[in-house]
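Work through the exercises below with the sequence and the 3D structure at hand. Each task is followed by a solution in steps.

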Amino acid sequence: MAGRTARLMLLAGAAALASGSQGDREPVYRDCVHRCEERNCSGGALRHFRSRQPIYMSLAGWTCQDDCKYECMWVTVGLYLKEGHRVPQFHGKWPFSRFLFFQEPASAMASFLNGLASLVMLCRYHTSVPASSPMYPTCVAFAWVSLNAWFWSTVFHTKDTDLTEKMDYFCASTVILHSVYLCCVRTVGLQHPAVASAFRALLLLMLTAHVSYLSLVHFDYGYNLAANVAIGLVNVVWWLAWCLRNQRRLPHVRKCMVVVLLLQGLSLLELLDFPPFFWVLDAHAIWHISTIPVHVLFFSFLEDDSLYLLKESEAKFKLD
């Protein structure tokens, strides 16, 4: 929900710097990378590199050039620390200590755990909520959209490439839009299905136009940020307004309200920007970790609300 918007804000800020952060602008870094690639990334030296590279690294897409950038990053960081300077960023990212093939181990693991939590709650939802519940198909679809987003988040934090970056951005945008649609169905669509269908078509058109523009015309980080913040604000205000209106009548709605408020509060973590602790744990990873229980709580709300709606619809059917 709102947390995905905050995450996109941080990603957009990092990406805007990606073409030229302080660390990768340093002559010592550039010279180191140039010499390393000349020495190791062509001819017999490249064949030797590939022969000794672990299979899991090559399968994950790590190249000789990537290794040179990684090694030279730490050479530059060492010089900065020796001179008493603040640790610089490289290509829009803080330096992270690679673990196996994970470029950002803590964020990758936290993304995986968020996805696992979503999968567990989806299975629980399947078990406890009958398919006849009015919100069942919409909630299940939201769960699968969330799972897909966390999968690509895990892949992106494992290895940052143009493809994994775009998939992470686009899937995060899809989650926000689907959360808006979920709210529309719950607040309006159950009484007016035609409105929900029309709104769904509008959101799909918006997503298609958004992805097409960023993929085929120009990947504009500023526009992407503005679009997702705008949709995210609509999402937060709509859900919160509905929660405040119904919290006394429907006690389980308070779970949803807590989720919205928690995600807004936890989003402040994304505003923190510091070198990672032990070269592994930065503010973004901490935010990812903190959202795991929040997702569990939101799916618990969806479960309670779906069962309530089922009970309500059955009661109306008996009266009719």
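**Exercise 1.** State whether Cys-36 and Cys-68 are buried or exposed, and describe the link of the two.

Solution. Step 1: both Cys-36 and Cys-68 are buried, where buried means under 20% relative accessible area, exposed over 50% and partly exposed in between (1.4 Å probe, protein chains only). Step 2: Cys-36 is joined to Cys-68 by a disulfide, S to S 2.1 Å; a disulfide is a pair of cysteine sulfur atoms within 2.5 Å. Step 3: the torsion about this S-S bond is about -75 degrees, so the disulfide of Cys-36 and Cys-68 is left-handed. Step 4: Cys-36 lies in helix H3 and Cys-68 in helix H6, so the pair ties together parts that are 32 residues apart in sequence. Helices (H or I, at least four residues) and strands (E, at least two) are DSSP runs, numbered from the N terminus.

The model is predicted: local features need pLDDT of at least 70, side-chain atom pairs count only at pLDDT 80 or more, and totals for chains, interfaces and linings use all residues. Residues are numbered from 1 along each chain as its sequence is written, and side-chain values use heavy atoms, with hydrogens and water left out.

**Exercise 2.** Find how many disulfides the structure holds and which pattern they follow.

Solution. Step 1: there are 3 disulfides. Step 2: Cys-32 and Cys-72 form a disulfide with sulfur atoms 2.1 Å apart, and Cys-41 is joined to Cys-64 at 2.0 Å, S to S. Step 3: with bonded cysteines counted along the chain, the pattern is 1-6, 2-5, 3-4.

**Exercise 3.** Describe the largest nonpolar core and where Leu-302 makes contacts.

Solution. Step 1: a nonpolar core is a set of buried Ala, Val, Leu, Ile, Met, Phe, Trp, Tyr and Cys residues joined through side-chain atoms within 4.5 Å. Step 2: the largest one has 46 residues, and Leu-302 is among those with the most contacts inside it. Step 3: leaving aside residues up to four places away in sequence, Leu-302 touches Tyr-125, Cys-139, Phe-142 and Leu-182, a contact being heavy atoms within 4.5 Å.
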